[in-house]
Amino acid sequence: MTEVFERTKMRWSAVVLLVASSVLAGCTGKEDRTSVLEDPKFNVEGTLDFLRPDGSVIIRIAVELAESPQEQATGLMRRRSLPGRGGMLFVYPEPREQKFWMKNTPMPLDILFIANDSSIVNIVEGTIPLSEQSIESSGPAQ
């Protein structure tokens with residue numbers, strides 16, 4: 001599965017992309033707020049292109065993959081910064097309603113929920129840092 005996301009050009013398919021307000025995040029694990037003092041390094045594992053209908057690139061984003069259950073539970077917790085065009089990509093095996101929160105995430109993020117047909121389900125902009133409020137997709141997203 002990782003090979004698919006390492007391509008420099010891809011169409012949206014079966015993803016949830018969490019983008020820092022400058023461009024990602026999502027968190028679903030429980031940790032103490034004091035852990036926010038750390039700043040894990042952003043690990044570029046591929047790129048993701050947003051494409052126009054003609055296939056030309058609108059914008060390219062460097063992505064870190066959240067593949068394992070542990071990576072998905074941790075998401076962007078404790079991150080104080082991301083590259084200007086960086087984000088975390090979550091890929092789930094089946095489409096379902098997705099939920100994230102910002103606990104232990106000290107920067108605002110934008111979250112893009114994507115359906116398995118590559119369409120955008122919804123976008124949540126400017127999430128509230130360190131909030132335990134649930135951020136949900138408006139329909140099944142993968």
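Author: A charge sits over a ring if NZ of Lys or CZ of Arg is within 6 Å of the ring centre and within 35 degrees of the ring normal. Keep that in mind. The model here is predicted.

Reader: Which charged end sits over the ring of Y92, and how far from its centre?

Author: The charged end of R96 does, at 4.9 Å from the ring centre of Y92. Y92 itself counts as buried, at 9% relative accessibility.

Reader: Let me step back. How many helices and strands are in the protein?

Author: The protein has 2 helices and 8 strands. Along the sequence they run α-β-β-β-α-β-β-β-β-β. There are 142 residues, and 48% of them count as buried.

Reader: Why is the pair of F90 and F100 edge-to-face?

Author: Look at the angle between the planes. Over 60 degrees counts as edge-to-face. The planes of F90 and F100 stand at 80 degrees, so this pair is edge-to-face, with ring centres 5.2 Å apart. The pair also links distant parts of the chain. F90 is in strand β4 (residues 86-90), F100 is in strand β5 (residues 99-100), and the two are 10 residues apart.

Reader: Are F90 and F100 buried or exposed?

Author: Both F90 and F100 are buried. For F90 the relative accessibility is 0%.

Reader: Which residues form the aromatic cluster?

Author: F90, Y92, F100 and F113 form one cluster.

Reader: How should I read the two faces of a strand?

Author: Start with the general idea. In a regular strand, side chains alternate between the two faces of the sheet. Now take β6. L109, I111 and F113 point one way, while D110, L112 and I114 point the other way. The residues on both sides are all buried.

Reader: Why is strand β6 largely enclosed by the rest of the structure?

Author: Count the buried residues. In β6 (residues 109-114), 6 of the 6 residues are buried, so the strand is largely enclosed by the rest of the structure.

Reader: In which sense do β6 and β7 pair, and over how many bridges?

Author: β6 and β7 pair in the antiparallel sense, over 4 bridges. F113 stands opposite N122 in β7. L112 has I123 in β7 as its bridge partner. The hairpin of β6 and β7 has 5 residues between the strands, and S118 there takes a positive phi near 80 degrees.

Reader: Now the loops. Where does S131 lie, and what does its side chain reach?

Author: S131 lies in the loop between β7 (120-124) and β8 (135-136). Its side chain reaches the backbone nitrogen of Q133 at 2.9 Å. Read burial next. Buried means under 20% relative accessible area. S131 has 15%, so this residue is buried. Leaving out residues up to four places away in sequence, S131 touches W101, M102 and K103.

Reader: What about R79: is this residue buried or exposed?

Author: R79 is buried, with a relative accessible area of 5%. R79 lies in the loop between α2 (69-74) and β4. The side chain of R79 makes a polar contact with the side chain of E64, at 3.0 Å.

Reader: How far apart are R60 and G86 in sequence and in space?

Author: R60 and G86 are 26 residues apart in sequence. In space they are 8.9 Å apart, C-alpha to C-alpha.

Note on methods:
Residues are numbered from 1 along each chain as its sequence is written. This is a predicted model: local features need pLDDT of at least 70, side-chain atom pairs count only at pLDDT 80 or more; totals for chains, interfaces and linings use all residues. Side-chain values use heavy atoms; hydrogens and water are left out. Buried means under 20% relative accessible area, exposed over 50%, partly exposed in between (1.4 Å probe, protein chains only). A polar contact is a pair of N or O atoms within 3.5 Å; within protein, one must be able to donate a hydrogen and the other to accept it, and residues adjacent in sequence count only if both atoms are side-chain atoms. Contact means heavy atoms within 4.5 Å. Rings of Phe, Tyr and Trp (its six-membered ring) pair if their centres lie within 6.5 Å; planes under 30 degrees apart count as stacked, over 60 as edge-to-face and the rest as tilted. Two strands pair if DSSP finds at least two bridges between them.
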